[in-house]
Amino acid sequence: MAILIAFVLCIIFIIIDNRRKIQQFLTYYSKARKALSKIGGPPSIPLFGSAHLFKWNVLEFTYQVEEWGRKYLLADPEKSHGLMHIWAGPVPVVVCGTHESIRIILESNSNITKPRHYQILERWLGTGLLIRTNDKWHARRKLLTPAFHFNILRRYIPVFGEQAQILLSILEEHAATNEVVDVFPLIKRCGLDIIAETAMGTRLGSQSHHNSEYIDAVYRLSQIAWDHIRFPWLWLKPIWRLSGYANEFDRMVDIAQNFTRRVIEERRESLEEEGLLEGEITEEQVRTRKLALLDLLLMMQKANALTDEELRAEVDTFMFEGSDTNASAIGFTLWFLGQNPEYQEKVHEEIDEIFGSDDRHPSEEDICRMVYIEKCYKEALRMTPPVPIIARELAEDTQMGDVILPSGLTVIVSPVSASRDPRYWERPEEFFPDHFDADKQSSRDSYSFIPFSGGPRNCIGQKFAVLEAKSMLAQIFRKFRVESIDIWPANRPLPEIILKPSNGFKVRLYRR
Ligand code: HEM
């Protein structure tokens, strides 16, 4: 009895303490319910939404959402305006799944705010570019954009080649045994070593020795952040703390951030010794020295009043956004090619034509000539976009046809839905690199293919990713013929923060 009284008193106290927030929420709730009644979506009941229908198993949940998308969003895109709603408990979410609705969200210069779900990443990534908002985002984006100019990126091409060479020697051992190997962890480590060297100027060596506190921390942080995003009960601080997640997350954040801080200090000392932190950096210095992204940030730090922590936040953001995303894309490309020998044959032909019997690492010119490999990479991005959810919190009421989405609403843009739209894709459910023939590309709405997002807040690392992927794929296919074990649509991708295969990328490798 005493426990019950204590519980009721607790609830009353929480309600009194939060009465203004509750009032605001109820006003917003009734406004959103009215607006969303014009959009299709799964059945819901007040306050519980559609939560009672959600499948608990993640894989089954993906089938369920796909089915809802087909029924409510894609069956009649004109009528649905490319929209569908889902009530996650009392919280409404609107999914934009065709280029018409996606364009309105992504092209907006006002709707650039990330929803509350991203806040979990803030403890680790601070206010780095990915989660910054409003004017602060505009200014930072402007500052960072030149660091991703092609003239800067081309200097990283040798790093791509060197790291892929290490990957090849590991793959070689597997090819010799003729055993099935899951190449996903191998590609991930290669990607991590590349981004560490290009973003921070440091050699992590994760491909050669796997036991690193920093690497483990980065992996664990992504996993915990994803659990936090998908289990709403973890948003309640007491449960977050009691679950043990809070402690572990904080510990991992400290490990990851302290590592980055140490690297920044070392780089600063080294640049100071070379006199590169004084005065303006010359064109000559940019051209001749292999400067990491961090070096460029250090050089612009004083003039732009960047604090050390802001600098760290940007570097950690590059590390987070720049490794597993492309590892997923490269892995899926390799896996799709491994089950389509006729396309793989064309890749081999292209590589042989470019390199002949020469063993050189891919140069800028070689990468430019990899037209067919690029088509295959883009097709894998279309089928399995590494960032499966792009989310915004509306900063203003937004009109779509006769529907007005209220400000404050969470909107999810779905790259996978847009890129399976049968109005634009000849064989939407199949891996078909010809989708990216030049004439087909030019006749298609650009918002029907958005793996790197679109509009002002698109991926700043897009060119980096394409260069890295083409270089790595060419190195692998130059040496091996790949045969995939699972065949699409088996090995269904799982939508975590970054898309991953449910069964890894299991392949057999044959030396060419
Ligand atoms: C296949 C590889 C990649 C994919 C599919 C990808 C995809 C994306 C997407 C969809 C966004 C928008 C996210 C959102 O609005 O919530 C984004 C943003 C971003 N990406 Fe990438 N990315 C890739 C590689 C990279 C690389 C290699 C880097 C850095 C070296 C990078 C750095 C960033 C940053 C800093 C942002 C935030 C941009 C902003 O908000 O202004 N990405 N990326």
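## Two helices that cross

Angles under 35 degrees count as roughly parallel, over 145 as roughly antiparallel, 65 to 115 as roughly perpendicular and the rest as oblique. Each angle runs from 0 to 180 degrees between N-to-C directions, and the axes are lines fitted to C-alpha atoms, for helices over the stretch in contact. Helices (H or I, at least four residues) and strands (E, at least two) are DSSP runs, numbered from the N terminus. What you're looking at is a predicted model, where local features need pLDDT of at least 70 and side-chain atom pairs count only at pLDDT 80 or more, while totals for chains, interfaces and linings use all residues. Residues are numbered from 1 along each chain as its sequence is written.

Now try α17 and helix α20 (residues 371–383): their axes come within 9 Å and cross at roughly 105°. The two helices are therefore roughly perpendicular to each other. On the α17 side, A329, F332, T333, F336 and L337 meet C376, Y377, A380 and L381 of α20 (contact means C-beta atoms, placed from the backbone, within 7 Å). That contact splits into eight nonpolar residues, one polar and no charged. Here Ala, Val, Leu, Ile, Met, Phe, Trp, Tyr, Cys and Pro count as nonpolar, Asp, Glu, Lys and Arg as charged, and the others, Gly among them, as polar.

## Around the ligand

Which residues come nearest to the ligand? Of the 22 around it, they are E321, G322, T325, C459 and G461 (a residue is near a molecule or strand if its C-beta atom, placed from the backbone, lies within 6 Å of it). The elements giving two or more residues to this shell are α16 (308–322), α17 (324–337) and α23 (462–479). With four residues, α16 gives the most.

## A four-stranded sheet

Next, find the open sheet of four strands in the order β1-β2-β7-β4, with mixed pairing. Its edge strands, β1 (83–88) and β4 (390–393), each pair on one side only. On average, neighbouring strands are turned by 25° against each other, direction ignored. Strands pair if DSSP finds at least two bridges between them. Strand β2 (residues 91–96) and strand β7 (residues 410–413) run parallel, with four bridges, and V95 has I412 in β7 as its bridge partner.

Two helices lie across this sheet. Helix α3 (residues 58–74) lies across β1 and β2, at about 130° to β1. Helix α5 (residues 99–106) lies across β1, β2, β4 and β7, at about 125° to β7.

## Pairing with β11

Strand β11 (residues 506–511) is joined to strand β3 (residues 181–182) by two bridges, and the two run antiparallel.

The peptide bond from W488 to P489 is cis, with omega near 10°. You'll find P489 in the loop between β8 (480–484) and β9 (493–495).

N134 isn't a glycine, yet its phi is positive, at about 50°. It sits in helix α7 (residues 134–144). Is N134 buried or exposed? It counts as exposed because it has 11 C-beta neighbours inside 10 Å. The cut-offs are 20 or more other C-beta atoms within 10 Å for buried, 12 or fewer for exposed, and in between for partly exposed, with C-beta atoms placed from the backbone.

S453, another residue other than glycine, has a positive phi near 65°. S453 lies in the loop between α22 (438–442) and α23, and it counts as partly exposed because it has 17 C-beta neighbours inside 10 Å.
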